[in-house]
Amino acid sequence: MVFRPRDLASRMAGRRKAGDGYLRETFTLPRDEARARARDFLNRYPKAAYMSSVESWRELPSGDIEFTMRRLASAD
């Protein structure tokens, strides 16, 4: 049985709990744009208030970066 990275990513996404309270956004961008987008996300939603983080990332064969950012829906 041949598994592709995309198959693994889909399988892992299926295991994620839907009601864990986090909002997630997935992006696929060139490396420099990915850095800028992640930096902007963390500036808009600071870790102290929203528990923001890069949940997962990977480099695609094309050189683009696919990453998922997560944050709480609202700050306390």
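Select Arg35 and Asp32 to begin: both lie in helix α2, three residues apart, about one turn of the helix. Helices here are DSSP runs of H or I with at least four residues, strands are runs of E with at least two, and both are numbered from the N terminus. The model is predicted, so local features need pLDDT of at least 70 and side-chain atom pairs count only at pLDDT 80 or more, while totals for chains, interfaces and linings use all residues. Residues are numbered from 1 along each chain as its sequence is written, and side-chain values use heavy atoms, leaving out hydrogens and water.

Arg35 and Asp32 form a salt bridge, with 3.5 Å between the closest N and O atoms; the term denotes a side-chain nitrogen of Lys or Arg within 4 Å of a carboxyl oxygen of Asp or Glu. Asp32 is exposed at 59% relative accessibility, whereas Arg35 is partly exposed at 47% (buried is under 20% relative accessible area, exposed over 50%, partly exposed in between, with a 1.4 Å probe and protein chains only).

Next, select Asp40 and Arg44, which also lie in helix α2, four residues apart. Their side chains meet in a salt bridge of 3.2 Å, N to O. Asp40 is partly exposed at 37%, as is Arg44 at 42%.

Then select Glu59 and Arg31, a salt bridge whose closest N and O atoms are 3.2 Å apart. Because Glu59 lies in strand β2 (residues 53-59) and Arg31 in helix α2 (residues 31-44), the pair ties together parts 28 residues apart in sequence.

Finally, select Arg24, Glu55 and Arg70, which are linked in a network of salt bridges. The whole structure holds six salt bridges.
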